[in-house]
Amino acid sequence: MKIKSTIIMFIFCFVNSNAQYNNITIPEALYGTTFNLNIHESIRQIRTGNQTVTGSINNETFWGPTLFINKGAAVNFNITNNLNESTTIHWHGMHLPAVMDGGPHQVIPSGTVWQPYWTMQNNASTYWFHPHLHETTEEQITKGVGGLMIVNDPIESALPLPRTYGTDDIPIILTSRNFNASNQFTVGRAYGDYMLTNGTLNGQITLPKQVVRLRILNAEIERGYNLGFSDNRTFYVITNDGGLLNTPVAVTRLPIHVGERYEILVNLTNDTVGSSIDLKAYNSGQSNSFPGGEPGTSGQFGSLLNNTTFNVLHINIGTVTANPITTIPTTLTTNTYLTAADATVNRSVSITGGQNGGAVPFTFDNTIFNIASINKTLTVNTTEKWTIANTPNAVFGHSFHIHDVQFKILTRSSGTVGAHESGWKDTFFISRNESVAFVARFADYSDSTHPFMYHCHFAQHEDDGMMGQFVVTGPLSVAENSSTTSFSL
Ligand code: C2O
Ligand code: CU
C-alpha cells in the first residue's frame, strides 16, 4: 500500500497539470563560434510502449541543439557523422559559399567529419539545418536529424522583445509522424497521424503571463498548417524566414508551409494564471492551398487530415517573470527590399509532372533532378526576377525553396501577397494554377562541383526529383577555393 501510493504521487508530480499532455522538449542551446555536432542514431520514448529509433545530434533524441550565432561572426563546425549511412547538413536560408551549403554534393560519409565555415551574413531570425542527401532526405528528416539556428544582430537585440530562451522565447518545431505496430516511424506517407511538437506527442508548455515569442518552424514532410489560438486571439508576426518585418503584422490565422519559419508574439498579460489556451492548426477550407491529405487514424488529437483541426501545443499560463515584456512593439526595423525594377534578368520555372494521381513524379520544366547536370547558370552579383508557374492543369500545391538567397515575393497571380509574408523569404507555398514571382540578388559563387539547389520542400517530391541546380559564375572567392573534404575518424 505504502509503495503504491508513493508511486502514484510520483507519477502525479511528474506528469504536471494535465495528465493527457507531455511537456515539450526544449533543445539544448549552444553558443559561440565553433560548434561540434555529432549526428547519431538515438532512441526516444514518444509513445507508450516501445521506444522509437530516432536520429539526432549531441545530447538530444529528436532534432538537435539550437545554435545561437551572431551576425558577422566567423563560424566553423566539426560535424561528425556517426550514422550508419551517408548524410549531409544543409543550412536552410543561409547566404554562404556553395561549397559550405551542405546540399546533395557535400556528402558526409558514415564515420567522417565535415568542417564547413563561413562568416554569418544573415539577419536575425530563425533558421533550420537538416540533411539533404539526394533520395534519403525524407528518411533522415523523418528520424529527426536537424535543428534550429537562431541568428542575432544588433537591430534585433536593441528591440524590446522576449529573448530568454526556453522561458519567454520558445522554439516550436512542428512535424507529424506515422508509427508502425512496434512504435517505429514509417516513411512514405506524406501526412502523419500524430503531431510531434519538438518531438513530443500531445505537447504542452507553461508560459508566463506576459508577451511571449514563439519561433515556429514547419519541419513537415508535406503538411501545411493554418495556425491560430483556440480563443481566436490576435497574435503578431514579427519575422519571415530571413529577418524582421518592418512592423508586427496582426493576424488570427497564420498559414505556414514546409520549410517556412515565422516568429510570433503572443500577449498573455490578460490571461489568468492557471488557465490554458491551445495553439491549433485549423482547417483552412482550402483544399487547393492545403492539398488534401490521406485519412488519418486515431491520434489522441484525432486524425491529422489537412482539412481538419488539431492541437499543436497546449499552453498553461504561469506566473510572470522578472522584467517581462508586456507590450507589442509598433516598429521593428527598416528593410530596403529589392523591387521588380532592380532585376536585370527574368527567369521562369514551370512546375510539371504529377499526372496519374502523382504516379508521374513532380518536376521542374519537365526535367527530373540529375545530380550531374546543371539546370541554370547565373552571373554573380546579379539581381534576378524568378517566376514560378504551377501550370494550368496542376494537380497539387508545393512549397518552393531556393538556396543561398533571401528573396522578396513580388506577386501572386491568385491575389495579393499577404502582409505576413511581405518580408525576406526563402520558401513559399504555391497553390495549384498559381504563379508566384520573386526577386533576389545572387552574390555567392558556385561551380558545377558545388552548385546551389532550388526544389520543392515536400521531402517525397524532392527525393523523387522535383529539384534543380544552379551555378553562379564568377571568379572563385577564397572560401570557394578552400577544400572542406571530409576526413575519416
Ligand atoms: Cu530546407 Cu534545400 O532545403
Ligand atoms: Cu512538391
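Predicted model: local features only at pLDDT ≥ 70, side-chain atom pairs only at ≥ 80, totals over all residues.

Begin with the pairing partners. Strand 21 runs antiparallel to strand 16 (residues 211-218), and seven bridges join the two. Within that pair, Leu214 stands opposite Ile264 of strand 21. Strand 18 (residues 235-240) also pairs with strand 21 in the antiparallel sense, over two bridges. There, Tyr236 is opposite Leu265 of strand 21. As a general point, strands of a sheet pair through backbone hydrogen bonds, either parallel or antiparallel.

These pairs belong to an open sheet of seven strands, in which the order is 14-13-12-16-21-18-19 and the pairing is mixed. Its edges are strand 14 (200-201) and strand 19 (243-251), each of which pairs on one side only. Further along the order, strand 12 (residues 169-177) and strand 13 (residues 194-197) run antiparallel and are joined by four bridges. In that pair, Thr175 has Leu196 of strand 13 as its bridge partner.

Next, the packing. The largest nonpolar core has 117 residues, and those touching the most other members are Met149, Leu174, Ile216, Val237, Ile238 and Ile264. The largest share of this core comes from strand 32 (residues 435-442), which gives six residues. Ile216 can be followed in detail: setting aside residues up to four places away in sequence, Ile216 touches Ile172, Leu174, Ile256, Arg261, Tyr262 and Ile264. In general, the side chains of a regular strand alternate between the two faces of the sheet.

Inside it, strand 17 (residues 225-229) and strand 22 (residues 276-281) run antiparallel and are joined by three bridges. Leu227 stands opposite Ala281 of strand 22.

Now the wider setting. The domain assignment divides the chain into domain 1 (22-152), domain 2 (169-318) and domain 3 (340-480). Taken over C-alpha atoms, the centres of domain 1 and domain 2 are separated by 22 Å. Across this boundary, 31 residues of domain 1 are in contact with 30 residues of domain 2. On the domain 1 side, the elements that give two or more residues are strand 1, strand 4 (52-57), strand 10 (125-130) and helix 2 (137-143). Helix 2 supplies the largest share of that side, five residues. By class, the domain 1 side has 11 nonpolar, 15 polar and five charged residues.

Apart from neighbours within four places in sequence, Arg412 is in contact with Val417, Glu434 and Val436. Arg412 and Gln115 are 297 residues apart in sequence, and their C-alpha atoms are 40 Å apart.

For the chain as a whole, there are six helices and 35 strands. Buried residues make up 51% of its 489 residues. Of the contacts in the chain with a separation of 6 or more, 78% are between residues 24 or more positions apart.

Finally, confidence. The chain has a mean pLDDT of 89, and 88% of its residues reach 70 or more. Over residues 1-17 the pLDDT is below 50, and this stretch has two contacts in the model beyond near neighbours in sequence. The pLDDT also stays under 50 over residues 286-303, for which the model has 48 contacts beyond four places in sequence. For the complex, the predictor gives an ipTM of 0.98 and a pTM of 0.92.

Terms used:
Residues numbered from 1 in each chain as written. Chains lettered and ligands numbered in written order. Pairing = 2+ DSSP bridges. Core = buried A, V, L, I, M, F, W, Y, C linked by C-beta atoms within 7 Å. Buried ≥ 20, exposed ≤ 12 C-beta atoms within 10 Å, placed from the backbone. Contact = placed C-beta atoms within 7 Å. Domains from an automatic or database assignment. Nonpolar A, V, L, I, M, F, W, Y, C, P; charged D, E, K, R; others polar. pLDDT = per-residue confidence, 0-100.
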